[in-house]
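Subject: Handing over a structure

Dear colleague,

Please look at it first and then read on.

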Amino acid sequence: MEWWVSMPKVELHAHLNGSIRDSTLLELTKALGEKGVINFSQVEHIIMKYNRSVKEVFQLFDLIRILTTDHAILTRITREVIEDFASENVVYLELRTTPKRNDAIGMTKGSYFEAVLEGLRSVTSVDVNFIPHDKEDSRTLFSPNNGSSRKRIYVRLLLSIDRRETTEAAMETVKLALEMKQFGVVGIDLSGNPLVGDWNTYLPALKFARNQGLYVSLHCGEIPNPKEIHQMLDFKPERIGHAICFEKEHWEILKSSKIPVEICLTSNIRTLAVRSIQVHHFVGLYETKHPVVLCTDDSGVFSTCLSKEYKIAADAFGLGKRESFELSRNAVELIFAERQVKEDLTKYFDSVAKTMGVYKNKIHSYEL
Ligand SMILES: CNc1ncnc2c1ncn2[C@@H]1O[C@H](COP(=O)(O)O)[C@@H](O)[C@H]1O
Ligand SMILES: [Zn+2]
């Protein structure tokens, strides 16, 4: 097996409905086509298109939303997405999704979440740990050397606020996240079409989330919007996604505040947000030891997987196996799960370092 596949990895920026398998997406589209809900031949080209502008990406998400806003389908997609990540040795997955309401089928944000939870429970091919660790319990959770050949994966959840939502709807999502902390919800994400919405709409819900102990990650700088980027950085989220259209002053704030950045190489290239991999801002951040983590964003929509993202980075930026392993291990410091999970994963990476033939001593760690 190639080292970028066998290497343990940490995924911190994956949207549930963007990570849907191609085959499942086509199957669902055909089924709705047969029912006459959509015209398959009209939407086929949207699904199959390779490079998509930001506008086209969000057209596709609107289609996916029609296809997947159903309890049973959500459960299935969740199960498949976890299996797919585990199969390429992702050992910790922070999966994010936007709870949706659909009165026509009796779906509430709460029942949407329950369907996702059911998906987590229904995985049988790998061991899934998603219930937070009891503070009193000092068992090793991951037990990599327990003799079992079954793969194990930690999964934690972020609930997303869609930029189209009102303050009230955003607040409802945060309240749901708080209720569901016991089922592994660790934070809130702000995502959705960057061309719409206003920062001040979400701010009350994000402040509330923070005050209640949830972590916050923001999609930041996907399009040039200097004022909003400034406002987001002032909020000091625990992580941001993308950081593409930054100006000098934004880089300065980012660097001094050390806010970790979730980097999605393929997504940025495929949405034409970054001209080419060679000019990607990953390099500048990586070289200055700014905390960064490689992520997929939407592995289904962009036909990628986390192993591929590491391979792309290795090829484009000259990272060897050791540097890539280090990048992957350092991502453990950026996860939102509780301390015990971090400790457990760190131990696991250390134990794997030997078998992978990479040095055990760290090249560097982030000063957060
Ligand atoms: C390309 N970059 C991106 N920028 C902003 N938001 C994105 C995104 N990729 C995905 N999403 C957000 O995630 C939703 C799909 O997953 P869930 O239905 O939540 O599981 C999309 O509809 C969009 O709101
Ligand atoms: Zn994203």
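The volume of the largest cavity is about 70 Å³, a volume being the space filled by probe spheres set on the points, with grid points joined across faces, edges and corners.

As for conventions, this is a predicted model, in which local features need pLDDT of at least 70 and side-chain atom pairs count only at pLDDT 80 or more, while totals for chains, interfaces and linings use all residues. Residues are numbered from 1 along each chain as its sequence is written, chains are lettered from A and ligands numbered from 1 in the order in which they are written, and side-chain values use heavy atoms, leaving out hydrogens and water.

The lining of the largest cavity (residues with an atom within 4 Å of a point) includes Arg163, Pro194, His219 and Met232.

Which space holds ligand 1? Ligand 1 sits in the largest pocket, meaning that more than half of its atoms lie within 2 Å of the grid points; a pocket is an open set with protein on both sides within 12 Å along at least five of seven lines. The largest pocket has a volume of about 520 Å³, and among its 32 lining residues His15, Phe58, Phe61, Gly192 and Asn193 lie nearest its centre. To this lining α4 gives the most, with seven residues.

Around ligand 1 there are 18 residues (with a heavy atom within 4 Å), of which Thr97, Thr98, Lys100, Glu222 and Asp298 come nearest. Among the polar contacts (pairs of N or O atoms within 3.5 Å), an oxygen atom of ligand 1 is 2.5 Å from a side-chain N or O atom of threonine 98, and a nitrogen atom of ligand 1 lies 2.9 Å from a polar backbone atom of glycine 192. A polar side-chain atom of aspartate 297 is 3.2 Å from a nitrogen atom of the ligand. Of the 510 Å² of accessible area that ligand 1 has on its own, the protein covers 97%, by the Shrake-Rupley method with a 1.4 Å probe.

With best wishes

Methods: Polar contact = N/O pair within 3.5 Å; in protein donor to acceptor, adjacent residues only side chain to side chain. 1 Å grid on protein atoms, 1.4 Å probe; cavity = no way out; pocket = protein on both sides within 12 Å on 5 of 7 lines; lining within 4 Å. Helix = DSSP H or I, 4+ residues; strand = E, 2+ residues; numbered from the N terminus.
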